[in-house]
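Here is a friendly walk through a two-chain model. Have the structure open beside you as you read.

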There are 2 protein chains.
Amino acid sequence: MKRDSRLSSVLHGLLHMAANEGPTTSDALASCMGTNPVVVRRTMAGLREAGFVKAERGHSGGWSIACDLERVTLRDIHQALGEPAIFAIGNRNETPECLVEQSVNAVLDDAFEAAEALLMQRFGEVTLVALAGEFTRRLSRRRS
Amino acid sequence: MKRDSRLSSVLHGLLHMAANEGPTTSDALASCMGTNPVVVRRTMAGLREAGFVKAERGHSGGWSIACDLERVTLRDIHQALGEPAIFAIGNRNETPECLVEQSVNAVLDDAFEAAEALLMQRFGEVTLVALAGEFTRRLSRRRS
DNA sequence: ATAAATGTAATAACTGAAGTTACATGAAGC
DNA sequence: GCTTCATGTAACTTCAGTTATTACATTTAT
């Protein structure tokens, strides 16, 4: 499977948008993310619908932040993307008749649910401001 | 991406093998797992190399357990399968030049590593005997 | 010998993200 | 009004990785 990098992509885009004064075009985001402007629009669409960013059309248009960076967490962003599947591993059959397979599924699901809960908790603890702070920290470290 | 169900599949197969007296053929495993005998051989190959199962060729051959079910855990099985990727989500670029992207990656990687560590810990706590016990429990529950 | 089993290579099918092309729509500037 | 620059979106292709299938070699018991 090709790995889903939408979360990584939009976070990267958001930080660039936050750093820019006016709106940032899909083209600009695409070039700094090494992808295609159409992909940017498609991916950002979820965040737009969730109200985290806004897009202005026409001359001098583009994307800008439309939320409080202190309140929005990585978990919110993940949800806005439609909560894509986290695991590449899963059960072969979600509703098996075989009692053996049901047992295997139950044990695996327990473990996966615990791991997912932890991941979501972590995501919920990181605001976009904190993410930007991580960048600032790295920037000053490099400068010194 | 199609989800990787090899772990689920081999565990299902192992429990069936453990329940059978003699060796179990790939055909038998395949039909109870709803797949193809070639897929069974290919998937079981890792466990065979790890010494968890053995395969006998020729007449009245097939697969049988070759390990202590109390000592082998789901984690061992996952390793024997070649430690396939756990997450369907990942960074767009693993070694980015952009400091913004590096920051995003670092924060995401932290969270993913924590979730993976928890999952592996859970897997390490479940032996094949415990898995079989889960089946026995379900069986008696259904009978009552 | 024959039949029954695994071992494995080669190839196609399937799935979902990512990439691309094309065109409609809207807003600013002239 | 017209042009230009931007997003919105549909349709299609590409790509990667598991799964499925076909084919054939090899081993073992009868």
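A salt bridge here means a side-chain nitrogen of Lys or Arg within 4 Å of a carboxyl oxygen of Asp or Glu. By that rule, the count between chain A and chain B is zero salt bridges. Please keep in mind that this is a predicted model.

**Where the chains meet**

The contact draws on 53 residues from chain A and 52 residues from chain B.

The size of an interface is often given as the accessible area lost when the parts come together. For chain A and chain B, the buried area is about 4,900 Å², and carbon and sulfur atoms give 69% of it. On the chain A side, A:I89, A:R92 and A:L99 supply 14% of the area that this chain buries against chain B, more than any other three residues.

Which elements of chain A give two or more residues to the side that touches chain B? They are α1 (6–19), α4, α5 and α6 (128–143) of chain A. Helix α5(A) provides the largest share of that side, with 19 residues.

**Aromatic rings across the interface**

The structure holds five aromatic pairs over all chains. Two of them are set out below, each described by its centres and planes.

| Ring pair | Distance of centres | Angle of planes | Arrangement |
|---|---|---|---|
| A:F87 and B:F87 | 5.8 Å | 25° | stacked |
| A:F123 and B:F112 | 6.0 Å | 85° | edge-to-face |

Take the A:F87 and B:F87 pair: its planes are at 25°, so the pair is stacked. A:F87 lies in the loop between α4 (74–80) and α5 (99–125) of chain A, and B:F87 lies in the loop between α4 (74–80) and α5 (99–125) of chain B, so this pair joins two chains. Are these two residues buried or exposed? A:F87 counts as buried at 5% relative accessibility, and B:F87 is buried too, with a relative accessible area of 5%.

Turn now to A:F123 and B:F112, whose planes stand at 85°, so the pair is edge-to-face. This pair also crosses between chains, running from A:F123 in helix α5 of chain A to B:F112 in helix α5 of chain B. A:F123 is buried at 1% relative accessibility, while B:F112 is buried with a relative accessible area of 8%.

**A threonine in chain A**

A:T43 sits in helix α3 (residues 37–49) of chain A. Its relative accessibility is 13%; buried means under 20%, so A:T43 counts as buried. A polar atom of the A:T43 side chain lies 2.6 Å from the backbone oxygen of A:V39. Leaving aside neighbours within four places in sequence, A:T43 is in contact with A:R6, A:V10 and A:L81.

**A hairpin in chain B**

In chain B, strand β1 (residues 53–56) and strand β2 (residues 62–65) pair in the antiparallel sense over four bridges. B:A55 stands opposite B:W63, which belongs to β2(B). The two strands form a hairpin with five residues between them, and B:G58 in the turn has a positive phi of about 75°.

Technical notes. Residues are numbered from 1 along each chain as its sequence is written. Chains are lettered from A and ligands numbered from 1 in the order in which they are written. This is a predicted model: local features need pLDDT of at least 70, side-chain atom pairs count only at pLDDT 80 or more; totals for chains, interfaces and linings use all residues. Side-chain values use heavy atoms; hydrogens and water are left out. Two strands pair if DSSP finds at least two bridges between them. Rings of Phe, Tyr and Trp (its six-membered ring) pair if their centres lie within 6.5 Å; planes under 30 degrees apart count as stacked, over 60 as edge-to-face and the rest as tilted. Buried means under 20% relative accessible area, exposed over 50%, partly exposed in between (1.4 Å probe, protein chains only). Contact means heavy atoms within 4.5 Å. Buried area is the accessible area (1.4 Å probe) that two parts lose on being put together, summed over both. A polar contact is a pair of N or O atoms within 3.5 Å; within protein, one must be able to donate a hydrogen and the other to accept it, and residues adjacent in sequence count only if both atoms are side-chain atoms.
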